[in-house]
Amino acid sequence: MLTGVCGGVARYLNADPTAVRVGFVLLAVLTGGLALLAYPLMWVVMPEEPALPPVPAPPAAPPAQV
């Protein structure tokens, strides 16, 4: 949640971000912490998500005719 690596991987894989985070923790435990070395590398290598363009305001309604 700090750098968005697991969230980005989850979006790429079309998976639940929580499941990817839990999977990463399990992988880190099973590899004796070796997977933790990959996290900063992915943080540096992964491209940032482009910013969304601003959403224009809806047009104003015409004044009511009386």
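## Met46

At 29% relative accessibility, Met46 counts as partly exposed, because that class covers residues between the limit for buried, under 20%, and the limit for exposed, over 50%. This value, like the others in this report, comes from a predicted model. Met46 sits in the segment that follows α3.

Leaving aside residues up to four places away in sequence, Met46 touches Val5, Gly8 and Val9. Val9 is 37 residues from Met46 along the chain, and the C-alpha atoms of the two are separated by 9.3 Å.

## The largest pocket

Met46 is also part of the lining of the largest pocket, where it is among the residues closest to the centre, together with Gly4, Gly8, Pro47 and Glu49. In total, 15 residues line this pocket, and its volume is about 350 Å³.

Two elements, α1 (5-13) and α3, each give two or more residues to the lining. The most comes from α1, which gives 5 residues. Gly8, one of the residues that Met46 touches, is also one of those closest to the pocket centre.

## The aromatic pair

A search of the whole structure finds 1 aromatic pair. The partners are Phe24 and Tyr39, with ring centres 5.4 Å apart and ring planes at 50°, so the pair is tilted. An angle under 30 degrees would count as stacked and one over 60 as edge-to-face.

Phe24 belongs to helix α2 (residues 17-30) and Tyr39 to helix α3 (residues 38-45), so the pair ties together parts that are 15 residues apart in sequence. Phe24 and Tyr39 are both buried.

## The chain as a whole

The secondary structure of the protein chain consists of 3 helices and 0 strands. Read from the N terminus, the order of the elements is α-α-α. The radius of gyration of the protein chain is 21 Å, well over the 11 Å that the globule rule gives for 66 residues, so the chain is more spread out than a compact globule.

Along the principal axes, the C-alpha atoms fill a box of roughly 75 × 20 × 20 Å. Buried residues make up 12% of the 66 residues in the chain; Phe24 and Tyr39 are among the buried ones. The accessible surface of the protein chain comes to about 5,900 Å², and carbon and sulfur atoms account for 73% of that surface.

How values were computed
Residues numbered from 1 in each chain as written. Predicted model: local features only at pLDDT ≥ 70, side-chain atom pairs only at ≥ 80, totals over all residues. Heavy atoms only, no water. Phe/Tyr/Trp six-rings, centres within 6.5 Å; stacked < 30°, edge-to-face > 60°. Helix = DSSP H or I, 4+ residues; strand = E, 2+ residues; numbered from the N terminus. Buried < 20%, exposed > 50% of the residue type's maximum accessible area, 1.4 Å probe, protein only. Rg over C-alpha atoms; globule rule 2.2 N^0.38 Å. Areas by Shrake-Rupley, 256 points an atom, 1.4 Å probe, with all protein chains shown as cover. Contact = heavy atoms within 4.5 Å. 1 Å grid on protein atoms, 1.4 Å probe; cavity = no way out; pocket = protein on both sides within 12 Å on 5 of 7 lines; lining within 4 Å. Points joined across faces, edges and corners; volume = space filled by probe spheres on them.
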